[in-house]
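Please look over the model below with the following notes beside you. They are written for someone meeting such a structure for the first time.

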Amino acid sequence: MPRDDMLERSQSLLLRSATSRRHLTDFFSRALSAFQSSTDSPQNFQVVCTAPPASSSNASASAAAAHDAQGKLLHPQSPVPIPPTKRPHTLIVLDSSFNPPTLAHLRMATSAVHDVIKKKRKGEDEKDMSGLRLLLLLAVVNADKAPKPAAFDQRLAMMWAFAHDVQRALRGEAGESTNEVSPASGPGPKPEKPQIHDSSQLEAAEEEQQKQGLPVDISVDIGLTSKPYFHEKSRVIAESKFYKPPKEEGEEDTMTQVILVGFDTLIRIFDPKYYGPATQVTAHAHDQSRKGSPIQQALDPMFKRAKLRVTLRTNDEWGGKQEQMAYLESLLSEEGLAKIGGSKEWAERIELVEGRRDGEEIVSSTYARKAAEREEWGKLRRLVSPEVGKWIEGERLYVVDVKPGAC
């Protein structure tokens, strides 16, 4: 069996088997506990595992069974963090609650990857993807409280499944994985025939790849952070040793972060209430590094290292495309930024992109949870990517079990 086929098959079987799913949740539970209990100050951010490119030696090795130092058999495809051998020039960051990850998340990630590749610097090898990575980031700020409706370890497992769906879509292989059977060996319902994950959004991701002419094969990291705000998350990522391998002579030491956010998130980022009262400005008047309003002190450093890629959210709650565009144009104007205490230069570091196309079904994590709660698996498959759907169905996440005789 070809190496890539073996990898795809091992990943699919991994998510179908109840035992395999238990191995994954156990792994992520341990990783989560270690992260939360650490007293080490740098533990504001940690990459817990990496989904390597299918073409890499790391991927082929992890697709086969391995042994630890004591000779104990490890589970196939055991997740491990795989740091880059050289500092990435671009790190795409998708920060979300992943509760669950949806096809809207998949479109945000794949379209951002393709856009970065289109804008690669002149003279770069278009086949060399080593300088580009994707980070799926989960914030665990209220770790002492049980998160609902899906625990953090389950969200990490869904992120692991989602990472492989993103990679397949980028390689143009999403159509092949959509014909696989749901996790019949798990506790979920057993379908009578293979279920097809059909989605115009997933097809759009494949179309993006086909337009490029070359399959895209990149590493996808899964990380945890204890920081609640984007400017803090950006800082701890930039400071992380994981993305700072030993530098060779003449090698660049800069890494641009491309942070993916939705329209609603951008509004929160630019809300001054999250950065403290304006009276703090005079309190630090003697400190040249802390000039400006609190929001300026927080976001100026972020925009020097990062760009924001903002996806419009056109639905009943947030209004239509024209309404959102008009609001953002006002907010990002020189006058609008000055009004909130911001810098006019920020607008140059923000890119607006369209989200849902006209006529497409509205996709959100809320809708996906409701579909799973009602065990509407066909509807769920129109909202989430294939492996994520299998995981949710196999684990019966979000399902509300009604006791016999209950009204």
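**Notes on backbone and burial**

1. Glu375 is partly exposed, with a relative accessible area of 34%, where buried means under 20%, exposed over 50% and partly exposed in between, using a 1.4 Å probe and protein chains only. Glu375 lies in the loop between helix H14 (365-373) and helix H15 (377-381), helices (H or I, at least four residues) and strands (E, at least two) being DSSP runs numbered from the N terminus. Its phi is near 60 degrees, a positive value in a residue other than glycine.

2. This is a predicted model, in which local features need pLDDT of at least 70 and side-chain atom pairs count only at pLDDT 80 or more, while totals for chains, interfaces and linings use all residues. Residues are numbered from 1 along each chain as its sequence is written, and side-chain values use heavy atoms, with hydrogens and water left out.

3. Phe98, in the loop between S2 and H4, also has a positive phi, of about 50 degrees, although it is not a glycine; Phe98 is buried, with a relative accessible area of 0%. Most residues other than glycine have a negative phi, and most peptide bonds are trans.

4. Ile218, in the loop between helix H7 (200-212) and strand S4 (219-225), is buried, with a relative accessible area of 1%. Leaving aside neighbours within four places in sequence, Ile218 is in contact (heavy atoms within 4.5 Å) with residues including Ala51, Val113 and Leu170.
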